[in-house]
Every structure is written in structure tokens, then in C-alpha cells.
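Visitor: Please pick one part of this model and take me through it closely. I would like to follow how its pieces are placed against one another.

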Amino acid sequence: MHDATESRLNSVYLISLGCDKNRVDGEIMVGTLRGAGFRVVNNPEAAAAIIINTCGFISDAVAESLDTVFALSEAHHERVLVVVGCMVERYKDEIKAQIPEVDAFVGVGEYEKIDEIVAGLLGVSIESGESGESGESGFKTNSVNANDGSAVLTARLAGRADSEIPHIAYVKIAEGCDNACAYCTIPQIRGAYKSRPEAEILQECRALVDAGAVELVIVAQDTASYGLDLYGAKKLPELLQKIAETSGATWIRLMYAYPEHITPSLIDVIAKMPQICKYIDMPIQHSEDAILTRMGRKGRKFELQRLIQVLRDRVPGISIRTTLMVGFPGETDENFDAMLDFVEETQFDRMGAFPYSREEGTPAAGFPDQVPDGTKRDRHARLMELQQRIHFARQEKYVGQTLPVIVDSQDGEYIGRTQYDAYESDSTVRFSSPRKLKQGQIVNVKIAATDGYDLQGILA
């Protein structure tokens, strides 16, 4: 085990990689550590222990996680190094042999013990929490339990104490996934879909808003499936309406809603509740039936077309974000060209795309007709060039309008977003103001120009 100097013996640095759901897990771990008496610092130099919360979804994410582990290990080799999260859950045995510098590997089901694990590695005692008393070892006899909603919420709030974005809070409404897409590793890593109880989610939303959140971002691997396992029906519409009515949030944003599970009642709630942003993140992955079938996706092209039309008819001005995959095994030039035509016709407001990644342990990894990497790169570039043109053209419609904008940060100018854009995923608005504004404040901005991707304006 590495040694730690007395001056920083109870200090911990944590970095979270990957998705918004990882960000939530990271906040809970930070709060758990704080509740145990650790000092969480924002500089690894000042820490006795470094925790890396990894992503393991695709090979690029694993590579980023490994690069981060190696870099921090080399730069701070005298610190205790703990690696947690999805990469660990997926590759624990392999990476143990590859990275002997790591002092502990912690899977996704062990987050509630992070305080005890770190304390054991540092050889220190941890303080007793409200839910338990210290035993002879100094460890809490009752650590944060993943099944104890109130304890997890307490940890979450404590973990957000020094957030760079206190006005934005991600609310994870479910864990795992049952969709069994042929390319996806999430069920292996996170297990079956498990919805959180509605009352627990509503309590968390109220507490987050009371603590300063203005925008609540609803996340899960598939938000639209919420409630199927717990209540026997899709309950996202009812949940969203109750969040809108009881949380006090100004904006509520819906992410990761699989189109196969979007219902008319969900669209109605988005349309009628003013707190719910007129925005939906709806990953479709592909447009062509032959590829959707091979992917294990249940929807079909005509259903996607109909759904998109209904969304735009029922929620005028809605911003539809999607994600597409190129180069899935068996994707022909004709399939790809048809997807380009679909994107041209559909005019998605926001879109991300990525080349198919052949992931060990997934059904698609064994499929014949794997597409060469060069072809995947070429198709990805062509698709993104098309979407760039669409995006630039669609941004022009906002010029001359006055739009509510949430203030995210200031860098000379203020930087914010309209309700049509998610934080770190979509476009921003840069604007000037003659008066000082606060982070999280929502102000009216007159859009004067676009630089292609982003908007520019002045305080109205």
C-alpha cells in the first residue's frame, strides 16, 4: 500500500468520467466520504487518496478511463489509488493484473462502502454518522446503504456542496437496463432495469431544489421505461407531472427516452407542463429496419417517423435530440445512404453519432459482416457533416427572437442555454449584460446572431 503524509491524511480527490449517471454516483460517494469525516479536495496534489470513477460502456471510454488511471498513478504514485465504477465492474480481473499500482477496485454495487474502503487503505478511523455509531475499529457500524433512500439523499446533498453547477441537478430514476440491445454492455455492468420508488424520487427532487437546483435533469439508461418493473406499467408521465407540481424546479429536462417506450401520455405531459423543457433526448441508433432488427431494437422506421411528427405537432418548437450509430455489423452502403436521407428529411434539432464499437461479451461482437474501421470513420464523418449543415440552418430561426436563457457561467461574457439545449451536450448562448447576473438565474436574451453552433445575444 502507498504511504500518505500526515498533512493530508484525511483528504480525498475524486474524478468522475463518463455519463451523467456516473456524475450522480460520484456526488453520492463524495457525500459519503464527507459524512465519514474526510476532506474532499479539488486537487490530487492535496489528497492522500485519489478515487477515479470510471466508464466502461465502449472501448473508447475504457481507454479514457485507463489513461486517467495511468496518468494519475504516475503523477501521484505516493497516494492511495482507488478505481471504481463501470470499467471495474466489467473488467475487474483483467485490470487487476494490468495495473498493480491500484490499491483497491470497487464495483458499482459497492459505492456505499467507499468510506470504509478508503479509511482501511489509509489506516485511519472514520467518524460515526447520524445513522450509526463507531465501533472499536472507528468505522461506522451503519454506513450509507444503497437501499436506504434517505441516507443516500443525505450523502448526495453533501456531495454537491462545492459543485461547479449547483443550479443543475441530475436525477437518476432507475438503474440498469432490460432492452438487451445487441451492441450494449450496460446490462452486463449494471444489471436488470430497476426503477426507484416514486416517493423517493420526489423527495430527492424537492431536496435538490431546496439546496439550490433550478434545473432538474431526469436520467436513466432508458427513462421512458420507468415503472414497468416496479408498478407494472410505464409511469414516467405521472412521475414527471408530480415532479413539476411538487419539486419547485423551474426547468425539468428529459434525457435518454427510448422511442419504443414513448407514449401519448408522456407527450401530453411534456406539452402541458410549463416547467418541463420542450426538449427530448431520444436515442434511435438507426433508421433502417434491417439494422434495427439486427440491433435488437423493437421500433421500426415508420414508427419513428410517426413519433417525430406527433412530437412536433403536439409540442410546437420542441427540440429533438437523437443519437445514431454508423457501421453496425451488416450495415451496407444502401443502409447508410438511406439513413442519411432519413436525417435530411427529419431535420433533427440536435444529434450525436458514433461509430459502432465491437464490445466483448455482446451478441453483436460475434456477428458476421463486421464493417471495416475505415468505412466506419468515413460514414461517421459524412453523417456529422450533414448534421452540421442542418444544425447551422436550424440555429438561424432563433435570430431576432427573445428567449429565456439560464446562466451557466461567466467568461467575460455570460454563457447560458435555452430550454432547447442540455448542459455540455448541446449549444450555448453567449450574451452581455449591463447588470451582474447569478449562476442559475433565468433571464430574457435577445438573440442577435449565430456563429453556427452557438447563439449570441444581449440581455433583453
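Guide: Helices α2 and α3 are oblique to each other. The model is a predicted one. In general, two packed helices are described by an angle and a distance between their axes. For α2 (residues 59-75) and α3, the axes cross at roughly 50° and come within 12 Å. An angle under 35 degrees would count as roughly parallel, and 65 to 115 as roughly perpendicular; the pair is therefore called oblique. The crossing of α2 and α3 is right-handed. On the α2 side, the contact is made by Val62, Ser65, Leu66 and Phe70, and α3 supplies Met87, Arg90, Tyr91, Ile95 and Gln98. Sorted by type, the residues of this contact are six nonpolar, two polar and one charged.

Now follow α3 to the sheet. Helix α3 (residues 86-98) lies across β3, β4 (80-85) and β5, and runs at about 125° to β4. These strands belong to an open sheet of five, in the order β2-β1-β3-β4-β5, with parallel pairing. β2 (39-40) and β5 (104-106) are at the edges, each with a single partner strand, so one side of each has no neighbour in the sheet. Strands of a sheet pair through backbone hydrogen bonds. β3 (residues 49-54) pairs with β1 (residues 11-16) in the parallel sense over five bridges.

Definitions and conventions: Residues numbered from 1 in each chain as written. Predicted model: local features only at pLDDT ≥ 70, side-chain atom pairs only at ≥ 80, totals over all residues. Heavy atoms only, no water. Pairing = 2+ DSSP bridges. Helix = DSSP H or I, 4+ residues; strand = E, 2+ residues; numbered from the N terminus. Contact = heavy atoms within 4.5 Å. Axes fitted to C-alpha atoms, helices over the stretch in contact; angles between N-to-C directions. Parallel < 35°, antiparallel > 145°, perpendicular 65-115°, else oblique. Left-handed = near helix turned anticlockwise from the far one by under 90°. Nonpolar A, V, L, I, M, F, W, Y, C, P; charged D, E, K, R; others polar.
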